[in-house]
Amino acid sequence: MIHKNINLLKNQLLFSLLIPDYIRQEFLHESVRKNNFSLRIICVIIFGVEIFNLVRVVFLSQSGLRTRNNRIYFSMYCILILLAVLWLVLRHLLQHASVRRQWAAQYAVTGLILLWHMGLNAYDLYRDPAAGTTVLTTALLGLAMLIQTPPRYSVALFGIGYLLFWAIMAPLMDAGDRVNLTITFVVALAVSLAHAHYSSIMLKQQKQIVEINAKLQELVHLDPLTGLLNKTTIECRAEKLLHRLQHGGSRDGLTLFLLDLDAFKGINDQFGHPCGDYVLVQTAESMRRAFPDAAGLGRTGGDEFAVLYDRALTEKQAMSLRRVLVEHLEQIQWQGQPMAVQCSLGVCICTLPQLSYRQLYTETDRMLYQAKQTGKGQCCVRRLAPSEEENQSPGKEAGSTDRAPEHFVFSSLATDTCSGNGARPPQALRRRKQ
């Protein structure tokens, strides 16, 4: 039992030290950002402290650089200043490099700084065994707190450092100092691992927040049952296309389909609402297959759907898409039983710049009503385009964005095409000024 608990604790510890793949890149980005700031602080400290030490050796000591000891210390201080300069040069050269290369440079400089402190402290002990290990202890804890690295690299950095400590410094120290410095290495490693662990937790939470926000955005724009766009989103997209058309950003026009399932209430009454929901979901799937390049597929309410194209289709293209949709709807089955799903469609192909979405929707809905009056499974198409008089009007400049009148009736600007025999003849289209 104890052995099992120990293994469980070990596995949990190892798992907590791993950086998951899905945040590994973000962790490196965060490490580079933090380490850049930390290394700038370290460089400022190095320049301040080591320049003071150089001045102290050269000008404030009685022997100056005439003694070997002072020359060694002078050289060590210069080496650390050169390391700081090296980092600043590397940071400038690698500012546009990949994150992994920037982090590798940070890791290498950090290792060299740790090695320098170990060498200086070893020389202090060589000169005076009672000098202590303050230099190395400060460096270990400072780097552990300021420099963020992935857990395995922290283990490698402090592990190699500890082995070098035993090889270089331990023979110069008594048993008590060796134990104390061993504890310092363990504490520094623990601080570094905890630093990485908490940063990993923060990144996980940030990613979860981003995913939750993305899902909330989807809920705002999507119909929860079918996954299609909701009525408001379809309207917004159509308004953007109309705005682009009005301001000359595009002459491609747009096409709006409205479709309504025929006898859907009978499906609900005969097979129940679960079947009705299933039919709605399958209708949405059929729309995705029938209109793969549409600018928007939406459910506008109940058993009514909308399809938006960011260009003006031809009547032939609209009828062809309708046939593809009908073929997919005919394949819908509920528990092995064909549902014989049919739909009526109203289509408006619009290149009329002054039209509002409300007007476009009204005319498309009128085509849908006309199709339903014709019979089940029918489609009526209306093309709305500027008249030749409008295009050649001398009093109107190119790109004019006059708003459409609130009330108008249709005359020769519109042509209607219906797929059934009972279609009404095209109506005349003429604007009526108020």
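This is a predicted model: local features need pLDDT of at least 70, side-chain atom pairs count only at pLDDT 80 or more; totals for chains, interfaces and linings use all residues.
Across the whole structure, 16 aromatic pairs are found. One of them joins Phe257 and Phe291. The geometry of this pair is tilted, with 5.4 Å centre to centre and 55 degrees between the planes. The two residues belong to distant parts of the chain, 34 residues apart. Phe257 sits in strand 1 (residues 254-261). Phe291 sits in the loop between helix 10 (273-290) and strand 2 (296-301). Both Phe257 and Phe291 are buried.

Phe291 also pairs with Tyr309. Here the arrangement is edge-to-face, at 6.4 Å centre to centre and 70 degrees between the planes. Tyr309 lies in strand 3 (residues 304-309) and Phe291 in the loop between helix 10 and strand 2, so this pair ties together parts that are 18 residues apart in sequence. Phe291 has a relative accessible area of 1% and is therefore buried, the cut-off being under 20%. Tyr309 counts as buried too, at 1% relative accessibility. Elsewhere, Tyr73, Tyr77, Tyr123 and Tyr126 form one aromatic cluster.

The strands come next. Strand 3 pairs with strand 1 in the antiparallel sense over 6 bridges. Within this pairing, Leu258 has Ala306 of strand 3 as its bridge partner. Strand 3 also pairs with strand 2, again in the antiparallel sense, over 5 bridges. Leu297 stands opposite Val307 of strand 3. The hairpin of strand 2 and strand 3 has 2 residues between the strands. In this hairpin, Gly302 takes a positive phi near 60 degrees. Strand 3 is mostly covered, with 5 of its 6 residues buried.

Thr300 belongs to strand 2. At 13% relative accessibility, Thr300 counts as buried, because the cut-off is under 20%. Beyond its neighbours within four places in sequence, Thr300 is in contact with Lys231, Phe305 and Ala306.

Nonpolar packing was then examined. In soluble globular proteins, nonpolar side chains tend to be buried together. The largest nonpolar core in the model has 44 residues. Leu136, Leu140, Phe165, Met169 and Leu181 have the most contacts inside this core. At least two core residues come from each of helix 2 (21-60), helix 3 (68-93), helix 4 (99-127), helix 5 (134-146), helix 6 (151-168) and helix 7 (175-221). Helix 4 gives the most, with 13 residues. Phe165 is in contact with Met118, Ala170, Met173, Arg178, Leu181, Thr182 and Phe185, leaving aside its neighbours within four places in sequence. A second, separate core has 33 residues. Val279, Ala284, Ala290 and Val307 are among them.

Two packed helices are described by the angle between their axes and the distance between the axes. For helix 3 and helix 4, the axes come within 10 Å and cross at roughly 170 degrees. Helix 3 is therefore roughly antiparallel to helix 4. From helix 3, the contact is made by Asn69, Ile72, Tyr73, Met76, Tyr77, Ile79, Leu80, Leu83, Trp87 and Leu90. From helix 4, the contributing residues include Val109, Leu112, Ile113, Trp116, Leu120 and Tyr123. Helix 4 also brings Asp124 and Arg127 to this contact.

How values were computed
Residues are numbered from 1 along each chain as its sequence is written. Side-chain values use heavy atoms; hydrogens and water are left out. Rings of Phe, Tyr and Trp (its six-membered ring) pair if their centres lie within 6.5 Å; planes under 30 degrees apart count as stacked, over 60 as edge-to-face and the rest as tilted. Helices (H or I, at least four residues) and strands (E, at least two) are DSSP runs, numbered from the N terminus. Buried means under 20% relative accessible area, exposed over 50%, partly exposed in between (1.4 Å probe, protein chains only). Two strands pair if DSSP finds at least two bridges between them. A nonpolar core is a set of buried Ala, Val, Leu, Ile, Met, Phe, Trp, Tyr and Cys residues joined through side-chain atoms within 4.5 Å. Contact means heavy atoms within 4.5 Å. Axes are lines fitted to C-alpha atoms, for helices over the stretch in contact, and angles run from 0 to 180 degrees between N-to-C directions. Angles under 35 degrees count as roughly parallel, over 145 as roughly antiparallel, 65 to 115 as roughly perpendicular and the rest as oblique.
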